[in-house]
Amino acid sequence: LYLYGSGGFPTNSFQSSNYWVDVVFTGSAGPDTAPPTVTGQTPLDGATGVALGTAVVASFSEALDGSTVDGTTFELRDAGGALVAASVSYEAVGATATLTPSAALDADTSYTATLKGGSSGLTDLAGNALASDVSWSFTTGAASVGCAAGSSLWAESTTPSIIMDPDSSAVELGVKFRPSEDGEICGLRFYKGPGNTGPHLGNLWSESGTLLASASFGNETASGWQQVDFASPVAVTAGTVYVASYYAPNGRYSVDEDYFFSSGFANGSLYALSDGESGGNGVYLYGAGGGFPTQSYRASNYWVDLVFRPSP
């Protein structure tokens, strides 16, 4: 809620925005002495065929002290006990911790995730520690062939500033990009927050709105980068603008506002346009079923990506 002017009771609202105003509350039911518990894990314990680009996610029975959620209290190790390099984040909404490996996991390999308990482990807001370590294991699948040796705009370790926007409307979200050399797009990616439930559909468009390819995302993780390969790669031309997008039927998308405001983003042969090029970047379209996204707001990055292979 907001009210412009010299202040007063705020009654206006815009796009369900959170202006990060908070309260300090003391309950009357007595002190909290119950330790937090783990209520969900992704991938599941014993899962096989897990995607190599998966993120490991744990949800909890109550809010945690976010300062205790890091690489020392949430870790991933391979079958030999070697620690996997990763970043760890915590989302207060939903009490969810996400471990995102810095690189793709090895194919056909067993991994064990561990949440640390005890005096030096995870705690809730009242200081109650997770009673004991919680571990689970999973096994990755075979290496992907469809988009092998492809490149993307953002690395697997990249994490949005806002993992899950409160907007729950059905919306198509996209990014305008152009390659600097001829090649082909063999698949699409997007960053998913824990509330961004599917099913999700990825689309590749020409700049004028011609649909070039579509594919449904499957075997998604609860959070992190998701990828789908097209049945057949799409040839793209150097210097030509294209739009990569995905349909989020329940919103809750990841976003960074003003990301493309002053400049675009380049990585190798790929370039995401700045907001001042080709009618604005960070594009969207509200409505059931999605469609070609043409609207933009504050040069936002909705963390839509692609997998590109240059021509031989």
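This is a predicted model: local features need pLDDT of at least 70, side-chain atom pairs count only at pLDDT 80 or more; totals for chains, interfaces and linings use all residues.
## Strands S5 and S6

Val88 stands opposite Leu99, a residue of S6. S5 and S6, the latter covering residues 96-101, run antiparallel and are joined by six bridges.

## The four-stranded sheet

S5 and S6 belong to an open sheet of four strands, ordered S1-S3-S6-S5 with antiparallel pairing. The edges are taken by S1 and by S5 (86-91); each has a single partner strand, so one side of each is left without a neighbour in the sheet. On average, neighbouring strands of this sheet are turned by 15 degrees against each other, direction ignored.

Strands of a sheet pair through backbone hydrogen bonds, and the pairing may be parallel or antiparallel.

## Surface patch

A nonpolar patch on the surface is formed by Phe14, Tyr19 and Val21, which together have about 320 Å² of accessible area. Phe14 is located in the segment before strand S1 (38-42). With a relative accessible area of 36%, Phe14 is partly exposed.

## Salt bridges of Arg189

Side chains of opposite charge can pair when their charged atoms come close. The model has nine salt bridges. In one of them, the side chains of Arg189 and Glu156 meet at 2.9 Å, N to O. This pair links distant parts of the chain, 33 residues apart: Arg189 is in strand S10 (residues 183-192), and Glu156 is in the loop between strand S8 (134-140) and strand S9 (171-179). Both Arg189 and Glu156 are buried.

The side chain of Arg189 also meets that of Asp305 in a salt bridge, at 2.8 Å, N to O. Here the linked parts of the chain are 116 residues apart, with Arg189 in strand S10 and Asp305 in strand S19 (residues 304-310). Asp305 is buried, as is Arg189.

## Lys192 and Glu220

A salt bridge of 2.9 Å, N to O, is formed by the side chains of Lys192 and Glu220. Lys192 lies in strand S10 and Glu220 in the loop between strand S12 (211-216) and strand S13 (224-236), so this pair ties together parts that are 28 residues apart in sequence.

The two residues fall into separate accessibility classes. Lys192 has 8% relative accessibility and therefore counts as buried, because buried means under 20% relative accessible area. Glu220, at 24% relative accessibility, counts as partly exposed.

## A salt-bridge network

Salt bridges also link Glu75, Arg77 and Lys116 in a network.

Methods:
Residues are numbered from 1 along each chain as its sequence is written. Side-chain values use heavy atoms; hydrogens and water are left out. Patches are made of residues with over 30% relative accessible area and no salt bridge: like charges are joined within 9 Å, nonpolar side chains (Val, Leu, Ile, Met, Phe, Trp, Tyr) within 5 Å. Accessible areas come from the Shrake-Rupley method with a 1.4 Å probe; for residues, only the protein chains shown count as cover. A salt bridge is a side-chain nitrogen of Lys or Arg within 4 Å of a carboxyl oxygen of Asp or Glu. Helices (H or I, at least four residues) and strands (E, at least two) are DSSP runs, numbered from the N terminus. Buried means under 20% relative accessible area, exposed over 50%, partly exposed in between (1.4 Å probe, protein chains only). Two strands pair if DSSP finds at least two bridges between them. Axes are lines fitted to C-alpha atoms, for helices over the stretch in contact, and angles run from 0 to 180 degrees between N-to-C directions.
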